[in-house]
Amino acid sequence: MSTATTAVEPAESTYTFSPETLQAVLAPDEAPRRASWLSASVTFGWRAMLKIKHVPEQLFDVTAFPIMMTLMFTYLFGGALAGSTTEYLQFLLPGIMVMSVIMITMYTGIAVNTDIVKGVFDRFRTLPIWRPSTMVGYLLGDAFRYTVACLVILGVGLALGFRPDGGVLGVAAGIGVLVAFSFAFSWVWTMFGLLLRTEKSVMGVSMMVLFPLTFLSNVFVDPSTMPGWLQAFVDVNPISHLVGAVRTLMAGGWDTTDMTWVLVSGVLFTVVFGTLTMRLYNRR
Amino acid sequence: MSSPLCGMKKEDIVSAMAIETRGLVKVFGKTRAVDGIDLAVPAGTVYGVLGPNGAGKTTAVRMLATLLRPDGGDARVFGHDVLREPDEVRRRVSLTGQYASVDEDLTGLENLILLARLLGYDKRAARRRAEQLLAAFGLTEAAGRQVKNYSGGMRRRLDIAASILNTPKLLFLDEPTTGLDPRSRNQVWDIVRAVVSHGTTVLLTTQYLDEADRLASRIAVIDRGKVIAEGTPGDLKASVGAGAVHVRLRDPGQRTEAEWVLSRSLGGHVVLEADPVALTARVSVNGNGDSDRRTAEQAAAALNALAEAGITVDDFSLGQPSLDEVFLALTDRTVDEEKNA
């Protein structure tokens, strides 16, 4: 087996086939054991990180977009809603963080969809590995992107005068809850990524879902001034509870109701859409 | 590793067939892409699946590789049912699809390490295995470049390297040379031969008859989702006729007449070549006896008939029918059958 390394290494243009070299690499010295579910998932996560390394432009949507959102809404609504932008920022920042991150979860669906069009997906699907690991890998890479987005928004917020009472721990806990929920929520997009034919339709459906889900919530204002029917929706919207939970954590508090909602809806998203995703993944 | 059998488990030796399918069906909407295919692929050989675009080759391969669920019939890979034991099948097969099954954003090295890790190699072993394969496939210098900057031939080599990373028992090559230049195509053929001599079974789909002729020990010809002929390349040629007469005329204007004369004299199928003065006619010799001599006699008679009809022949040759002729004859026959039905 060690003879393989003695082979000459021809340049691309002068590659000549040598049956001996090939024979040598055809007999691997050790047949490895099957990769564990964790190792396979982490390896796919590594792939997502490599893609960020090679195509850094894709970090644009987790940097420029959140900065734009934060600046836009702080100055747009700040004066009118809270009297001053700095005061409004204390209320808005956790909400705008949730909104931006939830908005960028849709890129998961687009990434899945683009991969399917290329042949590499076929290779992954013929591997003897834990089936969901491909999908979990996407989500692990995305969790990194969500964290980057959170930190960017936090940076902008701090520069503009955001002073959370919860301190470092409270803010870290808030970001942790947000990233964990987004991980669970992204299963919606892995499903659509597999279900829909084109990148454009994934984009379209994402907008249809995300706009009402994020705007019809307590991100911008206290829902008590809304009409009753709208309040009813805002109250059951998991995003409202996520905003509530993150806002309280960053303010140094703890809201059991909101946290329970976040936990239960996160589990539901994972179970329902994770199952649907895997059904589609296996059936394609 | 002298014997291809020593790495196999007992169950695999029991099943000498790498692939067995019975009545395999896949329906997309109203189209029966695969319409009742029976295949028996002996282990350790190259099996060619030959057919035009849209014949159902890729669909059949995708079902066998557990990428698509069959709508009917059953398929076994080394005795394991593709629907009931997909993981057992996946452990034994590898697929090189029609489109490069590698990640274009990643480098060649990263692609192979990724795959090695997924197949259970630890970090160091994965890197060693990846470097070994890159060297064997002449990709060491390109190891650090993104695959999207590779040439077609390099990409295909990386793809095959990825497919044999864990030395599969069965390798699916779906049109491995489509779109490659002749040099790269020859390299792929050499690689396929080396892989098979190591004991791996290869199922090769192709549109090119000479490719199937050169590599495969058995061939199934598929058209519109059905197997229309199966056998060794020699069987297929013999089933169509003992030989073929290739004729070149002086005057292209006489070709229609020549076609008629040849078809009447030989009683078989005449193919008009792309060259406006060339025709090829099959010589059908039925029954036993010295078929070569009878073929020659019939060919001579046909040339005589052409001379009598006042058609000037510049050049002629007598040969075995090429698989192209076999293929055209077979697909034509099914068209005729449909017309009569």
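Author: Between chain A and chain B, 13 residue pairs, both at pLDDT 80 or more, are in polar contact. The model is predicted; local features need pLDDT of at least 70, side-chain atom pairs count only at pLDDT 80 or more, and totals for chains, interfaces and linings use all residues. Residues are numbered from 1 along each chain as its sequence is written, chains are lettered from A and ligands numbered from 1 in the order in which they are written, and side-chain values use heavy atoms, with hydrogens and water left out.

Reader: What makes a pair a polar contact?

Author: Two N or O atoms must lie within 3.5 Å. Within protein, one must be able to donate a hydrogen and the other to accept it, and residues adjacent in sequence count only if both atoms are side-chain atoms.

Reader: Why is the meeting of B:Asp103 and A:Lys51 called a salt bridge?

Author: The rule asks for a side-chain nitrogen of Lys or Arg within 4 Å of a carboxyl oxygen of Asp or Glu. The side chains of B:Asp103 and A:Lys51 have N to O at 2.8 Å, so the pair qualifies. Across the interface of chain A and chain B the rule finds seven salt bridges.

Reader: How much area do chain A and chain B bury between them?

Author: About 4800 Å², 59% of it on carbon and sulfur atoms. Buried area is the accessible area (1.4 Å probe) that two parts lose on being put together, summed over both. A:Tyr15, A:Leu26 and A:Arg123 supply 16% of what chain A buries against chain B, more than any other three residues.

Reader: How do you know that β11 and β13 of chain B pair?

Author: Pairing takes at least two DSSP bridges. β11 (residues 243–249) and β13 (residues 278–283) of chain B share six, in the antiparallel sense, so they pair. In β13(B), B:Ala281 is the bridge partner of B:Val245.

Reader: What makes β12 and β14 of chain B edge strands?

Author: The open, antiparallel sheet runs β12-β13-β11-β14 in chain B. β12 (270–272) and β14 (313–319) each have a single partner strand, so one side of each lacks a neighbour in the sheet.

Terms used: Helix = DSSP H or I, 4+ residues; strand = E, 2+ residues; numbered from the N terminus.
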